[in-house]
Amino acid sequence: MKLLLVEDNERVTRFVMKGLQEAGHTVDNADNGREGMFLAASEPYDVIIMDRMLPGQIDGLSIIETLRKSGNRTPILILSALSDVDERIKGLRSGGDDYLTKPFAFGELLARLDALSRRSQGSGTQTALEVGDLRIDLLSRKAVRGERGIALQPREFKLLEYLMRHAGQVVTRTMLLENVWDYHFDPQTNVVDVHISKLRQKIDADFERPLLRTVRNAGYMLSADE
Amino acid sequence: MSKVIRSTTFALSFGYIAFGIVALVLFAAPLWYAWQVTIEDGRQEILRADTVRLTDVFHREGAPGLKTFIDTRVGMQLPAERILLLADSSLHRIAGNLTRWPDTVPEKPGIYTVSLDLSGVPTASVVVRTALPGGYNLLVGRDVAKFADLQRHFWTGLGGAVAVLSIVGVLGGVLIRQAILARINSIRQTVLAIVQGDLSHRLPTRSSGDELDTLSHTINGMLDQIEQLIHGIRDVSNSIAHDLRTPLAELRSRLEELSLTRPGTEETFAEIEAAVADVDRVIRIFNALLRLAEIDTGTRRSGFVQVNADELAAEVVEFYSPAAELKNVTLSFASGGPVLVSGDPTLLAQAVGNLIDNAIKYVGEGGTVSVDVRTRSDGGVEICVADDGPGIPDDEKPKAAQRFYRGDTSRGTPGVGLGLSLVQAVAKLHGGSLELADNHPGLRARVALEPGALLSGRPRSATVEAQGAAAAVKEPSAMAL
């Protein structure tokens with residue numbers, strides 16, 4: 001992926017750029033609002049990572065609003081130290097696609113970037129999803145692995161659907177909380193892990209090749225590859 | 001002594017006194033005028049009639065006849081009551097009760113008020129001078145000295161009234177001033193003590209319910225709020241210092257040890273990962289505190305929407321049910337049907353989640369946690385989370401919702417001690433409260449949302465649309481999970 005990081009903090013920039021480059025991405029960096037605005041408007045990027053508070057007269061949200069007004073649809077992940085729910089809402093309303101609060105784990109950032117780039121490719125109006133021999137029908141809400149039907153509760157189906165839409169990508173616990181349950185808070189205990197292990201029981205227990213894997217220090221990944 | 005108070009009370013009482021005097025004078029002046037006019041008119045009427053009668057006698061019987069008439073009259077009447085004098089053209093006395101024609105009477109006929117020498121004493125009198133044919137002069141008059149007495153009495157009375165008014169006014173002013181000053185002074189003393197830092201003082205109040213009392217009650221209410229806030233801040237700072245010091249100390253020693261010992265790669269990575277976990281713990285505490293602060297400021301109220309508390313609680317129960325299953329805890333949900341409240345769905349869900357999470361944590365293997373949502377008869381909404389675990393001892397219940405408070409039973413369990421504080425803050429934000437009661441055995445945590453909080457409903461905002469859309473419709477009847 002070709003990414004743009006608009007961030008003025010040197011340490012954060014070095015940490016993020018190094019990580020993203022190691023993950024195989026190309027990253028451009030702008031350390032002020034004006035340069036960020038210029039790069040975002042002139043170069044094609046897969047995802048833009050935008051800090052909210054920037055030097056150079058123009059802040060992150062203004063850049064996003066300007067880009068959106070000029071018809072630029074590049075997915076934007078907002079990076080901010082402002083963690084209030086209201087700030088988050090403001091960020092998303094300005095045209096951002098996702099909001100990550102500092103400090104953050106690199107795995108979280110990477111997973112969210114992957115999800116954003118996937119979203120922009122557009123899944124269209126699919127009626128079925130397939131990962132390996134696991135298949136779900138979005139209309140009849142039925143799941144089948146191999147020849148066998150799998151009975152899922154509505155929320156389990158939603159969880160599986162999200163994992164399948166992001167097959168091959170790391171999905172973090174926070175992403176699952178936000179997207180499957182729409183909970184924007186810390187549930188204190190590892191409830192998401194318990195849901196995952198229940199789902200794993202249903203889709204993987206009796207099969208030779210597990211599809212749902214735990215990615216250490218990051219989250220989970222549903223994938224047919226070994 | 002406050003100059004303002006002094007001048008205020010005095011200005012006030014003097015103002016009242018001046019006002020009273022002006023009112024008194026305004027009342028007395030017309031009275032005085034009417035009295036004067038009536039008496040004057042009546043007196044002149046009598047004198048004129050007398051003059052006419054005497055003139056008639058003169059016309060009928062001539063000067064000698066009138067002299068006889070006057071002599072008779074003077075002999076009958078009391079001295080000086082009436083003045084009668086007949087004089088010839090050169091003003092020599094012919095008859096009457098004056099020894100000589102007075103110089104003070106002007107030459108022209110008419111009515112005059114003059115000073116007459118009556119039996120050696122100059123006396124104010126009203127006289128009518130008439131010119132009779134033949135150059136004779138007639139003087140008919142009346143001594144008004146005794147009316148002057150009456151007049152004097154009137155003025156003395158008025159002056160006395162003014163004096164009494166002034167004295168009573170000044171006395172009243174002083175008394176009122178002292179009474180008010182005493183109370184204001186006690187308020188001042190209290191406020192001074194508070195300014196010095198002792199927030200436990202309260203203004204003295206009575207049951208009189210007067211203005212000063214109402215003011216004192218209001219100020220006391222404000223002080224209660226301030227004291228609570230200050231204590232809250234103090235507690236939080238203490239708790240933060242305590243709770244953050246532990247992971248920070250661990251983190252520090254871990255990193256220092258790493259830089260001192262320089263162990264092998266594997267071990268270094270393990271230590272770094274542990275350090276990151278330490279930092280994450282600190283971040284979690286910070287996030288929880290920030291969220292509490294955010295709730296406490298009350299700004300979240302602007303984002304209130306219509307929330308179905310029953311559906312919201314059912315979803316949270318469903319979310320936590322696998323965690324309960326894992327611990328072999330029975331988690332059940334009961335509701336009396338849809339319950340609409342005006343609120344913040346994220347915060348309400350987090351609050352209910354915290355209660356359920358706590359309950360599952362403490363109830364132990366094989367326990368029971370039951371959640372129920374119902375509408376009270378007064379329109380308020382209650383969300384109850386009850387368990388049959390160890391509960392909280394009565395003396396610890398009031399402390400349980402304090403920030404960073406962790407009961408003895410919770411020492412070994414994960415958590416930062418902010419769960420119940422958050423529930424309480426959320427309940428308060430929604431105009432309600434968190435009550436911790438005994439469930440015999442176990443704990444019964446009840447979030448009461450006041451009916452008043454339901455009135456300010458606003459249309460569902462864009463940010464929570466997903467909440468409703470994502471929710472599958474639940475059966476309103478009890479369901480076991």
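This is a predicted model: local features need pLDDT of at least 70, side-chain atom pairs count only at pLDDT 80 or more; totals for chains, interfaces and linings use all residues.
I started at the hairpin of β11(B) and β12(B), where four residues sit between the strands and H440(B) takes a positive phi near 45°. Residues are numbered from 1 along each chain as its sequence is written, chains are lettered from A and ligands numbered from 1 in the order in which they are written.

**Around β12(B)**

I take helices (H or I, at least four residues) and strands (E, at least two) as DSSP runs, numbered from the N terminus. Pairing of two strands needs at least two DSSP bridges between them. I looked up β11 (residues 433–438) of chain B, and it pairs with β12(B) in the antiparallel sense over six bridges. L436(B) is the residue opposite A445(B). Strand β10 (residues 381–387) of chain B also pairs with β12(B), antiparallel over six bridges, and there V381(B) has L449(B) as its bridge partner.

**Chain B overall**

I get nine helices and 13 strands for chain B. Of its 481 residues, 27% count as buried. Contact here means C-beta atoms, placed from the backbone, within 7 Å. Among chain B contacts between residues at least 6 apart in sequence, 63% join residues at least 24 apart.

**Cores**

A nonpolar core is a set of buried Ala, Val, Leu, Ile, Met, Phe, Trp, Tyr and Cys residues joined through C-beta atoms within 7 Å. The largest one has 109 residues, and A313(B) and I356(B) touch the most other members. Helix α6 (residues 345–363) of chain B gives the largest share, eleven residues. I checked I356(B) beyond its neighbours within four places in sequence, and found it in contact with V316(B), V317(B), Y320(B), V369(B), V371(B) and V385(B). Another core, of 21 residues, lies apart and includes L54(B) and V105(B).

**Where A meets B**

The contact takes 25 residues from chain B and 21 residues from chain A. On the chain B side, α4 (265–296), α5 (309–326), α6 and α9 (465–470) each supply at least two residues.

**Chain A sheet**

I found an open sheet of four strands here, in the order β6-β7-β8-β9 (chain A), with antiparallel pairing. Why does one side of β6 (128–131) and of β9 (148–150) of chain A lack a neighbour in the sheet? Both stand at the edges, each with a single partner strand, so one side is left without a neighbour. Four bridges join β6(A) to β7 (residues 134–137) of chain A, antiparallel, and A128(A) stands opposite D137(A).

Last entry, on α7 (residues 173–181) of chain A: its buried residues are R173(A), T174(A), M175(A), L176(A), V180(A) and W181(A). Just after α7(A), D182(A) takes a positive phi of about 60°.

Conventions: A residue is buried if 20 or more other C-beta atoms lie within 10 Å of its own, exposed if 12 or fewer, and partly exposed in between; C-beta atoms are placed from the backbone. Two residues are in contact if their C-beta atoms, placed from the backbone, lie within 7 Å.
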